[in-house]
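Here is a brief report on the metal sites, the sheets and the nonpolar cores of a model. Start with the structure itself.

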Amino acid sequence: MTLSFRADLHCHSSSSDGTLSPTELIDLAIERGLSAISITDHDTIAAYDIALPYAKEKGLLLGSGAEFSCSYKRKSVHVLAYDFSFSSDVISSYCQKLQHRRTIRNKEILDRLRGLRLPITEEELFITGTEETIGRPHIAKAMMQKGYVCSVQEAFHLYLGDTKCCYVPGVPFPVEEAIEVIHRAGGKAVLAHPHLYKDFGFGKEVLSIGFDGVECYYARAPLKEEKRWIHLAEEQGLLISGGSDFHGSIKPYIPLGCSFVDRERFFQIFTTLSL
Ligand code: AMP
Ligand code: ZN
Ligand code: FE
Ligand code: FE
């Protein structure tokens with residue numbers, strides 16, 4: 001029996017807020033029978049230094065990827081970048097700008113926590129020590145380790161969630177700029193997890209500003225939701241992407257490969273991948 005081709009195009013490594021190193025992620029993908037993945041770390045492509053030669057050695061297809069934290073009309077929008085070239089520094093320069101935003105934002109979040117007598121130092125935010133990107137999950141984990149909360153979920157629920165007292169949005173990075181940067185690097189811009197917006201109209205509006213595709217298959221999104229986005233993508237001639245948004249043990253309820261695309265969709269996105 002030949003196993004069907006499955007590609008998980010949304011997962012995070014320890015270069016951002018995932019708990020597995022790039023090589024562990026590739027080993028797990030192979031163990032789960034996946035044919036391809038894309039590592040879509042938040043605002044960094046650092047994992048690829050190690051992941052590219054390792055995936056080649058192990059025979060797993062690895063498509064270039066990243067997930068950028070942007071905003072549209074003051075709402076947070078995640079932009080997936082795929083199939084871009086590593087040969088220019090367009091993507092890495094953009095990542096540096098996003099990292100600067102995060103450094104300032106993290107300091108502001110820690111200031112707010114200190115104001116509530118929940119002090120955490122910047123050094124305490126590292127989980128593996130190899131992170132390029134530090135975000136709210138790192139802060140949540142540090143809060144747990146210091147006994148301020150019982151779980152990462154509780155940290156988000158009480159302090160760090162988008163409407164909670166210690167949430168700081170940071171300097172907004174327009175979605176339009178991310179799309180332009182991705183295109184300059186020869187890549188495709190895909191709207192991440194539109195299922196997470198309460199308002200379907202908002203997702204539809206964002207999608208119309210120049211995206212090449214939409215992440216229709218997502219984590220454990222209900223089939224009805226996925227169908228709605230597939231229908232829209234087909235109607236508008238957009239690429240259809242999908243992935244688990246795997247983060248490792250920090251989100252143990254999301255297994256690698258729980259959402260994926262087939263061979264045809266994979267190669268529609270990764271048109272420049274050399275085999
Ligand atoms: P940041 O990039 O710093 O804004 O953090 C966003 C990340 O935090 C997301 O990509 C999720 O991985 C995680 N996250 C957001 N909300 C929650 C939540 N309620 N519980 C657990 N993790 C969350
Ligand atoms: Zn994340
Ligand atoms: Fe996201
Ligand atoms: Fe993600």
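D17 is buried, and H247 is buried too. The model is a predicted one.

The iron ion (ligand 3) lies 6.0 Å from the zinc ion (ligand 2). Its protein donors are E67 (OE), H78 (ND1) and H193 (NE2), at 2.1 to 2.2 Å. Their spacing reads E-x10-H-x114-H. Here, too, distant parts of the chain are linked: E67 belongs to strand β4 (residues 65–72), H193 to the loop between β6 (188–191) and α7 (200–207), and the two are 126 residues apart.

Are E67 and H193 buried or exposed? E67 has a relative accessible area of 1%, so it is buried. H193 reaches 8% relative accessibility and therefore also counts as buried. The cut-off for buried is under 20% relative accessible area.

| Metal ion | Protein donors | Donor distance | Spacing |
|---|---|---|---|
| iron ion (ligand 3) | E67 (OE), H78 (ND1), H193 (NE2) | 2.1 to 2.2 Å | E-x10-H-x114-H |

Next, the sheets. One open sheet has 3 strands in the order β1-β2-β3, with parallel pairing. Its edge strands are β1 and β3 (61–63), each pairing on one side only. Ignoring direction, neighbouring strands of this sheet are turned by 25 degrees against each other on average. Strand β2 (residues 36–39) runs parallel to β1, and 3 bridges join them. Within that pairing, A7 has A36 in β2 as its bridge partner. Helix α2 (residues 48–58) packs on the sheet and touches β2 and β3; its direction makes about 150 degrees with that of β3.

Another open sheet has 5 strands in the order β4-β5-β6-β7-β8, and its pairing is mixed. The edge strands are β4 and β8, and each pairs on one side only. Neighbouring strands of this sheet are turned by 40 degrees against each other on average, direction ignored. Which strand pairs with β6 in the parallel sense over 2 bridges? That is strand β7 (residues 213–218). There, V190 stands opposite G213 in β7. Helix α6 (residues 175–184) lies across β4, β5 (75–82) and β6, and runs at about 150 degrees to β4.

Last, the nonpolar cores. The largest core has 53 residues. Those with the most contacts inside it are I37, F68, V77, V79 and F211. What does V77 touch, leaving aside its neighbours within four places in sequence? Its contacts are F68, S69, C70, S71, Y72, V175, L191, Y197, F202 and V206. Another core, of 19 residues, lies apart from the largest one; L110, L125, M143 and L160 are among its residues.

Methods. Residues are numbered from 1 along each chain as its sequence is written. Chains are lettered from A and ligands numbered from 1 in the order in which they are written. This is a predicted model: local features need pLDDT of at least 70, side-chain atom pairs count only at pLDDT 80 or more; totals for chains, interfaces and linings use all residues. Side-chain values use heavy atoms; hydrogens and water are left out. Donors are N, O and S atoms within 2.8 Å of the metal (3.2 Å for Na, K and Ca); water is not among the atoms, so sites may look incomplete. Helices (H or I, at least four residues) and strands (E, at least two) are DSSP runs, numbered from the N terminus. Buried means under 20% relative accessible area, exposed over 50%, partly exposed in between (1.4 Å probe, protein chains only). Two strands pair if DSSP finds at least two bridges between them. Axes are lines fitted to C-alpha atoms, for helices over the stretch in contact, and angles run from 0 to 180 degrees between N-to-C directions. Contact means heavy atoms within 4.5 Å. A nonpolar core is a set of buried Ala, Val, Leu, Ile, Met, Phe, Trp, Tyr and Cys residues joined through side-chain atoms within 4.5 Å.
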